[in-house]
Amino acid sequence: MPQPTYHLGDVVVLRKAHPCGCDRWTVIRMGADVRIKCNRCGHRVMLSRNELNRAIRKVETAVGSDLH
Ligand SMILES: [Zn+2]
């Protein structure tokens with residue numbers, strides 16, 4: 001199974017939508033754990049990379065960041 005790649009500022013679409021109805025999250029911090037923010041309500045959660053890799057359905061690269 002290929003690992004999804006994502007970077008700071010990218011939007012990730014998760015398999016399971018947040019209770020607010022939004023399934024898009026922005027990556028706001030990268031580290032051993034990754035912090036993401038719900039694009040609709042602004043709720044923030046921290047996930048381990050493994051948890052996030054499993055949860056991601058799709059990655060939408062941030063606008064303007066061509067250099068990856
Ligand atoms: Zn939300």
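How many salt bridges does the count come to by the rule used here? The count comes to 4 salt bridges, a salt bridge being a side-chain nitrogen of Lys or Arg within 4 Å of a carboxyl oxygen of Asp or Glu. Before going further, a word on the model: it is predicted, so to speak of a local feature takes a pLDDT of at least 70 and to count a side-chain atom pair takes pLDDT 80 or more, while totals for chains, interfaces and linings use all residues. Residues are numbered from 1 along each chain as its sequence is written, and side-chain values use heavy atoms, with hydrogens and water left out.

Now for the sheet. Helices (H or I, at least four residues) and strands (E, at least two) are DSSP runs, numbered from the N terminus, and two strands pair if DSSP finds at least two bridges between them. Strands of a sheet pair through backbone hydrogen bonds, either parallel or antiparallel. In this model, 5 strands form an open sheet with antiparallel pairing, in the order S4-S3-S2-S1-S5. At the edges sit strand S4 (44-48) and strand S5 (56-60), each of which pairs on one side only. On average, neighbouring strands of this sheet are turned by 35° against each other, direction ignored; the axes behind that angle are lines fitted to C-alpha atoms, for helices over the stretch in contact, and angles run from 0 to 180 degrees between N-to-C directions.

One pairing can be followed in more detail. Strand S3 (residues 33-38) and S4 run antiparallel to each other, paired over 5 bridges, and lysine 37 has arginine 44 of S4 as its bridge partner. The hairpin of S3 and S4 has 5 residues between the strands, and there glycine 42 takes a positive phi near 80°. Histidine 43 also lies in the loop between S3 and S4. With 38% relative accessibility, histidine 43 counts as partly exposed (buried means under 20% relative accessible area, exposed over 50%, partly exposed in between, with a 1.4 Å probe and protein chains only). Histidine 43 and cysteine 20 are 23 residues apart in sequence, and their C-alpha atoms are 9.4 Å apart in space. Valine 45, found in strand S4, is partly exposed as well, at a relative accessible area of 25%. Between valine 45 and cysteine 20 there are 14 Å in space, C-alpha to C-alpha, and the two are 25 residues apart in sequence.

What about the inside? In soluble globular proteins, nonpolar side chains tend to be buried together. The largest nonpolar core here has 12 residues in all, among them Tyr6, Trp25, Leu47 and Ile56; such a core is a set of buried Ala, Val, Leu, Ile, Met, Phe, Trp, Tyr and Cys residues joined through side-chain atoms within 4.5 Å. S1, strand S2 (24-29) and S3 each supply at least two residues of this core, and the largest share, 3 residues, comes from S3.

A charged residue is buried too. Aspartate 10, placed in the segment before strand S1 (11-14), is buried yet has no salt bridge, with arginine 49, the nearest side chain of opposite charge, 11 Å away. For charges, Lys and Arg count as positive and Asp and Glu as negative, while His and the chain ends are not counted. A polar atom of the aspartate 10 side chain does lie 2.9 Å from the backbone nitrogen of histidine 7.

Back to the salt bridges. Asp23, Arg24, Arg57, Lys58 and Glu60 are linked in a network of them. Arginine 57 and aspartate 23 meet through their side chains at 3.2 Å, N to O. Because arginine 57 lies in strand S5 and aspartate 23 in the loop between S1 and S2, this pair ties together parts that are 34 residues apart in sequence. Glutamate 60 forms a salt bridge with arginine 24, where the closest N and O atoms are 2.3 Å apart. That pair links distant parts of the chain, with glutamate 60 in strand S5 and arginine 24 in strand S2, 36 residues apart. Glutamate 60 also meets lysine 58 in a salt bridge of 3.5 Å, N to O. As for accessibility, aspartate 23 is partly exposed at 22%, glutamate 60 at 24%, arginine 24 at 32% and lysine 58 at 44%.

Key
A polar contact is a pair of N or O atoms within 3.5 Å; within protein, one must be able to donate a hydrogen and the other to accept it, and residues adjacent in sequence count only if both atoms are side-chain atoms.
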